[in-house]
Amino acid sequence: MAFGGGGRGGGRGGRSGGRGGGSGGRGNPGAQPRLQLCRNFASGNCTRGDKCSFAHVVKMHAVTEASDKNPDAKSNYNRGYGGQNTKTKDKHKVTSVSVWETNGQIKLFTGSHDGKWRLWNAAPAANGSVTLTQEFEHFVGGPVDTVHIAAHYFFVGFEASPIECPDAKAGMVHSWNLNAAQDPPMELWMSPMAKYAGSGRIRSLWTTADGSVFSGGSDGIIRQWAFNPTGGPNGTPGFSLVKSMSGHLGAVTGLALVGTMLWSGGMDGTLRLWNVESGDQVHLIPAVKKDAANSPPGHHSGPVTGLLPFEAPNNQGSFVISSSLDDSVKVWNATNGECVASESHGQGVTSIALTADPKGNPLLLCGLFYGDIMIRGTISNPPLVLLLKLSHQYVGVGHELGPVNDIQSGPGNTFYAVADDGKLTVWQITGDFGL
């Protein structure tokens, strides 16, 4: 089996409590964005056109409820200061989103803690916006933490009870061939007598072009899997365990493969590099104790929430970008592990993705703990310059409640976000950031 293209595809690892768990409280908000978004343009049309003094660079095309009502919903105070603007998280959190381009259409998969994954059609509307229509939903038996697309294979990581241990919980991964969606899903089994993918929930997934799968679990273990034509139930196709890599103290929340080196990040705040040939850990970037005054920039001081490989244009180098509940994103030289850039956001960074402006300049999307989204430059001067902040509080659209658990880019400068408020939002970058 081959997936056709390596990498994360259109999905990422799931998260609990805002990607990395725990708290990502507000700190120093750092630099102000270069542009201020026009709220009329963001939500529809601005009648002032070129005379408007605010930026016409991003539109929110659609928003929809993407999970069921949560009967255990509680009031939430994390959006306003001192308890103002109290909202209720009355929906189950949506943990992940994945983009599937098929036959000229854009389809979206979402996963949520109501135990369901859903398929959406993101169809262009006559007014230039997007109409979201749910086409299908499937209950897998427990909270979904990650959805992931690799070519025409759809992976879902969720928690459920194994058949052999009905009173226990384990991490499961099922994979559907979207070209034969009527067929039962393939499964990732540790062995025929351990029919699950890990003793803890599956928090991150990575696939390679040759059909390998890497999973990161809440048990702190990274596992590599290979397609097995007879490795599933009753000799059906499935995936068999190749090797396990242990070292993280807590959930593995991010994976990124660069060449033969697998980067991992976890709830323990560390970044670890692994030789995928041998499974040996070859480098450690330790965490440091959180201290706003003295924390060195070359280390995280909170849970790592995501990893992204980044190839700078014009052969300017290979890098890995990390995000953390310590409020920062950091850029690392993928060759030697040196931290080359770091920026703070004033709140925990719970998800990251790469996109581009209409000119093709690469941009970094940062989903934040309180529901905001920041857009940064990448090879900008200075690096990671803050270009724009999308905040429901100021522009009237977006996620009222965070964390933004996942964010993914799509074709035509679109991107898609999901959050603890149970919503799926559709955005498009339409203008020039002056890069």
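Colleague: Let's start with the overall make-up. How many helices and strands does the protein chain have?
Modeller: This is a predicted model, so keep that in mind throughout. The chain runs to 435 residues, and 57% of them count as buried. As for secondary structure, the count is two helices and 30 strands.

Colleague: What share of the contacts between residues at least 6 apart in sequence join residues at least 24 apart?
Modeller: Take the contacts in the protein chain and keep those between residues at least 6 apart in sequence. Of these, the part that joins residues at least 24 apart is 53%.

Colleague: And the surface: how much of it belongs to carbon and sulfur atoms?
Modeller: The accessible surface of the chain comes to about 17,200 Å². Carbon and sulfur atoms hold 50%.

Colleague: On to the largest nonpolar core. Which element gives it the largest share?
Modeller: That core has 24 residues, and V58, I375, L390, W427 and F433 touch the most other members. Elements giving two or more residues to it include β1 (58-65), β26 (373-377), β27 (386-390) and β30 (423-429). The largest share is three residues, and it comes from β27.

Colleague: Which residues does V58 contact, leaving aside its neighbours within four places in sequence?
Modeller: V58 is one of the residues that touch the most other members of the core. Its contacts include L37, F41 and A42. Further along the sequence, its partners are I375, L388, L390, W427, Q428, I429, T430 and F433.

Colleague: How many residues are in the other core, the one with W263 and L271?
Modeller: This core lies apart from the largest one. I222 and V276 are also among its members. Its size is 21 residues.

Colleague: Is strand β18 largely enclosed or left open by the rest of the structure?
Modeller: β18 covers residues 271-275. Four of its five residues are buried, which takes under 20% relative accessible area. So the strand is largely enclosed.

Colleague: What is the bridge partner of W263 in β18?
Modeller: Strand β17 (residues 261-266) pairs with β18 in the antiparallel sense, over five bridges. The two form a hairpin with four residues between them, and G269 in the turn has a positive phi of about 85°. Across this pairing, the partner of W263 is L273.

Colleague: Which residue of β19 stands opposite W274?
Modeller: β18 also pairs antiparallel with strand β19 (residues 281-285), over four bridges. Here the hairpin has five residues between the strands, with G279 in the turn at a positive phi of about 80°. Opposite W274 stands Q281.

Colleague: Does L284 count as buried, partly exposed or exposed?
Modeller: L284 is found in strand β19, and leaving aside neighbours within four places in sequence, L284 contacts T270, L271 and R272. Its C-alpha is 9.8 Å from that of W263, 21 residues away in sequence. The relative accessibility of L284 is 38%, between the 20% and 50% cut-offs, so the label is partly exposed.

Colleague: Which strands stand at the edges of the eight-strand open sheet?
Modeller: The order is β8-β9-β10-β11-β15-β14-β13-β12, with mixed pairing. Two of these strands have a single partner each, so one side of each is left without a neighbour in the sheet. Those are β8 (144-150) and β12 (202-207).

Colleague: Which residue in β9 stands opposite V147?
Modeller: β8 and strand β9 (residues 153-160) run antiparallel and are joined by six bridges. Within that pair, V147 faces V156.

How values were computed: Residues numbered from 1 in each chain as written. Predicted model: local features only at pLDDT ≥ 70, side-chain atom pairs only at ≥ 80, totals over all residues. Heavy atoms only, no water. Core = buried A, V, L, I, M, F, W, Y, C linked by side-chain atoms within 4.5 Å. Buried < 20%, exposed > 50% of the residue type's maximum accessible area, 1.4 Å probe, protein only. Contact = heavy atoms within 4.5 Å. Areas by Shrake-Rupley, 256 points an atom, 1.4 Å probe, with all protein chains shown as cover. Pairing = 2+ DSSP bridges.
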